[in-house]
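Colleague: I'm new to this one. Please pick a single part and walk me through it closely.

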Amino acid sequence: MRRMRGLRLAAGALALGLGLTACGGSDSGTGSGGSTQASTPASELKIGLAYDIGGRGDQSFNDSAARGLDKAKSEFGVDIKELEAAAGETDAQKEDRLRQLAEGGYTTVIAVGYAYATALAKVAPDYAEVKFALIDSTDAKGANIENLVFAEQEGSFLVGVAAALKSTTGKLGFVGGVNTPLIQKFEVGFTAGAKAAKPDATVEVKYLTQPPDFTGFNDPAKGETAANGMFDAGVDVVYAAAGGSGNGVFKAAKAKGKLGIGVDSDQYNLPALAEVKDVIMTSMIKKVDTAVYDFIVSVKDGKFTAGEKVYDLKAGGVDYSTSGGKVDDIKAQIDDYKAKISSGEIKVSSTK
Amino acid sequence: MPTEPAAGGEPAPAVELSGITKRFPGVTANSDVNITVRAGTVHALVGENGAGKSTLMKILYGMQQPDEGQIRIGGVPTAFGSPADAIKAGIGMVHQHFMLADNLTVLENVVLGSEPRAGVRLDFRAARERIREISAAYSLNVDPDRVVDDLGVGERQRVEILKVLYRGARTLILDEPTAVLVPQEVDELFGNLRELKAEGLTIVFISHKLDEVLSVADDITVMRRGTTVASVSPREVTSRQLAELMVGSALPVPELRDSTVTDRPVLTVTGLTVTGADGRTVLDGLSFTIHAGEVLGIAGVEGNGQAELVEALMGIRTPTAGTVRLGGENITRASTRHRREAGIGYVPEDRHRQGVLLEATLWENRVLGHQTRRPSSRGALLDLKGAKADTERIVRDYDVRTPGIGVHASALSGGNQQKLIVGREMSADPVLLIASHPTRGVDVGAQAAIWEHIRRARAEHLAVLLISADLDELIGMSDTLAVILRGRLVADYDPSTVTPEQLGSAMTGAGRED
Amino acid sequence: MGRFSPRSLLLGLAAPLGALAFAVLVCAVILGVTGHSPLDTVDAMVSAAQRPRTFVNSLNSATTYYLAAVAVAIGFKMKLFNIGVDGQYRLAAMLSAALAGATFMEGLPSFLRVALTVVAAMLVGAGWAGVAALLKVTRGVSEVISTIMLNAIATYLVSYLLNPARLAEDRPGSNNVGTRPIDGGGQVAGLEIPGSSSQLFGLVFLAALVGFGYWFVLARTRFGFELKATGLSESAAVASGVSVKKMVLVSMLLSGAVAGLVGMPQLLGSSYSYSLDFPPGIGFIGIAVALLGRNHPVGMALAALLWGFLDNSSNSLDVAGVPREIVGIMQGVIVLSVVVAYELVRRYRVRAEQRDVGTALGRTKTAEEASA
């Protein structure tokens, strides 16, 4: 909805520029406010969701959270309100966003992304009756905060194993969206997995942008350039931990007959990536949608628990995908590592 | 263009302007202008700067449209929407500032904008032939294959004329054509104009140099304050009468009274050499001395090193060799600020580039160049009160026509801006005044006032370096005269005996013995 | 001078107000065409304006925007385009945050700590801008190009330094990385505003002081005069004894020093640490604000307030179902139209003044005289 409104706005501006005025009033029924109060008499649950920059429609992290929300909405018809962060905003603006949700009667509030930690730490104590979820960060703690964190390095380890086993040159690539500690966890896990499977494997690493420039998560052209450089240097499998920029990585892989690895969702099945799906050998799945859905269910059932909830491999919070059948031949080996990590036999570090 | 016979049997006038009025917001540039230009004559349009001549010619050339009035070409009422219309009607304009591309040949410049085509290909051969024909027909002596950069000023002007003829003009407008020429070149130009006239072409000649007008024109129209005030025949008026028609009052004359020259040197320049950005020597070993109470006039065709000399003296340009001493002090390497503080006043040649800040108030312009000294500042702080009070004084003493000192300089006429500059430079009690074209573009009253201020300061032992294109001003205002040519001082003259023709010869190098 | 003042003021206000009105109109039409109610939008904005928290947040944003605008305006005044305010403040904020949070600082008296932090930020900002100034003065490199490059380099430099192995501290589980938080003694206390959960930045007074200093230097000092003169006409300034190279150097350093201050209110009043979510892009907002405020100390303050309010009302718009993108469109249209509006007003002013001169002198001036 968020994205659609944006698009409609742009279309409107365009139509205006062309002197067309005929597209007015084309309300497609999505509702301008995202409010569906009337249709949810069964539930009293009012859920507010504050996205990170990019919001719904980012083909990545935010979309994953949105899927969890959508699932909850379709199953028990909750009343939802979605707000989105703007690039370059301050903590005060994030704080204001959370407060507006809390003040608006949204008693279940999900803050998507670690950037909300500082703001949430200030807001949560003022609204004891509101249950908050904070994704990807343990920085804000409180009696009414559940911290939903993921073991991205473990999932990345598995696709690292897969990449090393599939590679013929022994040269692998990692394209990170933005050089942040979060994405570094993907890199570290991937490299560890690759080395575990093939000790002489090398990983070429490239981050598309440096913070505070977060465009690296949404710049397919940069992703394509970076991947092309790697493929030209002999790399034959690239792990794209770069949000929307991954599209460019897959495009490059397809053009050069190489392989790519997706991230966050099972990207093989994403309609937006249908054209390049045959080069996506697997994806590292980070189940933000599950975490969001679980959180909503726990609040609905009155089973909310404050504190850290780790979505690791063992808990099924991260995983690798098999859609497309490209890793069927090595599935046994990957699952072997999976079992070892789950049992604690292999510990995957999250930092270099 | 066909010239239809009018009722009286005489050919219709080539150009007839009647009741032309043109207003700009807040300003009426032309009001009720009436001019009749007979076909096959040289018609001079004279008037002071700002009398409305240029606006009128822009209207005739289609660059601007009149609010009222009528234009008849060959007796036919016409309206020009653009210069293209005017060109189609046989009117051509030779601008004061040449519009030629330096690195192209004459041929290319002439055909630029009206490229001769043979199919899709440019047909240069035919164009070259036509240029030769035109050149021969009017004795323009233009070689189509020379690069414009290599041509002298007079030749460039002839290329401009040829360009206009090439486009089929039968009536030529020449905007101040002699402003950039030395006397000998002026004579050549007039020869060309007579040729053109003999071939039946009509010429409208804009000028404020009256002797020239009297020698070349068949008819004269005088403009003053945006309107035509008289139409006279050159046989019936003297240069002085014409001038008084132009200004509407009696004329000032540049002249110095008794000599005030002392033997105390103020500015001593020895072997001053300046190299341009391209490595060319633009000033070549200049040496001269100006004493207290002395005005040294420098004559020369523009572009022979005057600008570089002034900039070297002001510390804007670094000399490659030579020394400059002010009084006893060697200031060859001193900063511009130091020189100004040491007592050099500066009236620049281009007041908009160097003299004023157009988008600043008059009092801020008073501070300009004097920002380190009283009454403009005290230490690091500006003295707003002092600066404003002193600006009021300059406005009063130098008759700067303004409603107040808070207006922007851009609101003033050029003459009033110049008076402000002269007043500012004089008010710091300079020991040396460097004045480049101090009366260029100012009205007669202001001209007299500026001369008077220079004379008075000279009597109080001011040393003056005067650079001017106005030879009468140079001869009248200087104690000593020197001619600059290609970066060298080539001749000294006694202003009490020299004639403009002698100066002109020296300026072009014609009179040199070496 | 006095007789021209009322009109000057009116003309000064005409352009920004005209641009604002035009932008509102454009936004209203866009909203209407896309099926949103412009009235709802106004309603949401009005209710946002009435919320004390939004008010305080707007003021806080305006504080940083204003500092950025002044930094930009110092350059603009002499036709120097310091596009690098963004990189300068980010680098300055990062390094001074590392300094302020360092353990050895904790023993120092509070005032000294804050002063050291602020001075360090100014020095870093000035130093970073100084690189561009030196390149321009010695090599003739356009400051536009060099400051853009320096912005990119600053980004990489900050990324490099913002690492637990260097100037950042490890924060397990946060997925964020930042400098060691500044403890109470190094912070600048905010002002409690009734009804608001946010505090007003204590450093709002620093911004006011900077604004006053900017005005004073430009209007009352020789240096300011030379700065303006250089901006109006470099050739005239040179002929008047101004060393343009020195002016470029000094004004760039000053601009950079003020740019260094941009991050201070946020750092010392709210974030207490430079981390990944420290607000970027304020340098570019500063350009827009300086443009809108016409480099005028009061004009920029009003423009900064407007900008701050627009930014901080976007959550309210979002809640009300009005696309928050409308704020960006509005800001964009304001900047574009204000440039046009200023040029129109400037031309009108020139003509009006010439007319005044003509009337005062009792005759109609000819056009040639006016343009001579």
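Modeller: Let's start with helix H4 of chain C, residues 85-101: at 1.5 Å a residue its 17 residues should span 24 Å, and the end C-alpha atoms sit 23 Å apart, which agrees. The expected span is 1.5 Å times one less than the number of residues, and helices here are DSSP runs of H or I with at least four residues, strands being E runs of at least two, numbered from the N terminus. Bear in mind this is a predicted model: local features need pLDDT of at least 70, side-chain atom pairs count only at pLDDT 80 or more, and totals for chains, interfaces and linings use all residues. Residues are numbered from 1 along each chain as its sequence is written, while chains are lettered from A and ligands numbered from 1 in the order in which they are written.

Back to H4(C): 17 of its 17 residues are buried, so the rest of the structure largely encloses it. Buried means 20 or more other C-beta atoms (placed from the backbone) within 10 Å of a residue's own, exposed means 12 or fewer, and partly exposed is in between.

Now look at the loop between helix H3 (52-76) and H4 of chain C, where C:Lys79 lies. C:Lys79 counts as exposed, with 11 C-beta neighbours inside 10 Å. Its backbone is worth a glance too: phi of C:Lys79 is near 55 degrees, a positive value in a residue other than glycine. Most residues other than glycine have a negative phi. Over in chain B, B:His437 also has a positive phi, about 45 degrees, without being a glycine, but B:His437 is buried, with 21 other C-beta atoms within 10 Å.
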